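Hello,

Could you please take a look at the structure below when you have a moment?

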Amino acid sequence: LYSGHKAVLEVEYFGEVGTGLGPTLEFYTLLSHDMQKASLEMWRMGPTTRSSQASQGDVEMQDVEADNMAWKLRSEPTFRNEEYVQAPYGLFPRPWPPNLDGSIDTKYGKVIEYFRLLGRTMGKALQDGRLLDLPMSTSFYKLILGQDLDLYDIRSFDVELGTTLQEMQNLVRRKQFLESSGGGNKRVFSDLKFRGVKIEDLCLDFTLPGYPDYLLKPGGNNITVFLENLEEYVSLVVDATVKIGIAAQMEAFRSGFNQAFQISSLQIFNEEELDYLLCGRQEMWVPETLVEHIKFDHGYTASSPPIKCLLEIMCELTPELQRAFLCFVTGAPRLPPGGLAALSPKLTIVRKHPTGIIGAPAVLSSNPPGGISAVGTTLADGDLPSVMTCANYLKLPPYSSKEVMQERLLYAISEGQGSFDLS
């Protein structure tokens, strides 16, 4: 609806008083998460989810080398909920048979419209300078930039399939070499095996691995793969995976993106730069650099004991907690290109006056009630930090110890997401 408008889009939620940058950034973050739901069937499944859906032939193919070292290289997924696609190497479109008609097949038609929406969202986010939380694969960015993919790109988003296809391609080349050199007798060909197994013993047919309903050729589910037709099989799998099987989705994506501005203008960037522009970045924090990029005001300076404790806590956050902290303070789980130094408005931390509420929940502290510690006061230990995400503004009570501050901050981060109210 708004993707074609040049005006900056701002979001306000019904029933909440917050408006401006913070709610808008969280809108893009929540939309990013929703578009990673497995039920949408937009993306290739990761190893955990896909293995449970694989056909028997695919299982036998995977079991040839179950301890493939490539699996150990996979990083932790952003989501550990089965509701979302697990794609440790980044999201890449799920292939759909090219003979489907979106006007008849409603599920396929919805997938096409989801990719159109994704294009609109990305285009508008780039136009307005907003961040998305979409862990795209390098190969998907190549497609956005108008580049063609081949066999060797598959490994960048599916290590197992890419490695398997490359090994099969090498087997095909060995066969071709033997034929060209005149050594192609039956005994020599019988020695050509895939990881010690004959091709026909893998029980493969001409369906796409992981997608048994995708026939690579008419009647493909009844055609066994042998050494003689292995070259055709590899070619058809590659074509279905990175070309014809995702062509309609990418066309819809480009159509949606072009409603904001021409996607061809992105070709001045490479894949890494495009990822920075769309999704921002994460960075390692150390107290010395944090001080340089944070503003302290209204009772706090860089040398205030509560600030020193906070900076230590920030540097000790795991990547997952750092994402949660940034989302709590700014509305987005990642920093813009340039990191914390480029955050606008600048992250500001101010002193929140302690309420000293009687009957406040017990917290970690060894100081007597109302006592003054080297860090702060126990009168603040029952309070929670609060934020103004539209201004990247953190209001931090002067807690009595680092332990109390950490407990209160993490509680606020986990319980304060998803709502914009007065604080």
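A search of the whole structure finds 16 salt bridges, where a salt bridge is a side-chain nitrogen of Lys or Arg within 4 Å of a carboxyl oxygen of Asp or Glu. Before the details, please note that this is a predicted model, in which local features need pLDDT of at least 70 and side-chain atom pairs count only at pLDDT 80 or more, while totals for chains, interfaces and linings use all residues. Residues are numbered from 1 along each chain as its sequence is written, and side-chain values use heavy atoms, with hydrogens and water left out.

Side chains of opposite charge can pair when their charged atoms come close. Helices here are DSSP runs (H or I, at least four residues), as are strands (E, at least two), and both are numbered from the N terminus. Asp133 and Arg323 are both buried, a word that means under 20% relative accessible area, with exposed meaning over 50% and partly exposed in between (1.4 Å probe, protein chains only).

Another salt bridge joins the side chains of Arg195 and Glu167, at 2.7 Å from N to O. Arg195 is in the loop between α7 (186-190) and β1 (207-208) and Glu167 is in helix α6 (residues 159-180), so parts that are 28 residues apart in sequence are tied together by the pair. Arg195 is partly exposed, with a relative accessible area of 25%, and Glu167, at 28%, also counts as partly exposed.

Glu232 and Lys217 form a further salt bridge, with their closest N and O atoms 3.0 Å apart. Glu232 sits in helix α8 (residues 230-242) and Lys217 in the loop between β2 (211-215) and α8, 15 residues apart. Glu232 is partly exposed at 36% relative accessible area, and Lys217 is partly exposed at 24%. Finally, salt bridges that share partners join Asp34, Lys37 and Glu83 into one network.

Helix α12

How far apart are the end C-alpha atoms of helix α12? They are 17 Å apart, which agrees with the 16 Å that its 12 residues (305-316) should span at 1.5 Å a residue, the expected span being 1.5 Å times one less than the number of residues. The buried residues of α12 are Pro306, Ile307, Cys309, Leu310, Leu311, Ile313 and Met314. What covers these buried residues includes α11 (287-293), β3 (295-297), α13 (319-330), β4 (348-351), β6 (393-396) and α14 (402-415).

Leu118

Leu118, which lies in helix α4, counts as buried because its relative accessibility is 0%. Leu118 touches Met35, Met42, Trp43, Leu134, Met136, Phe140 and Phe253, not counting residues up to four places away in sequence, where contact means heavy atoms within 4.5 Å. Leu118 and Leu31 are 87 residues apart in sequence, and their C-alpha atoms are 9.4 Å apart in space.

Best wishes
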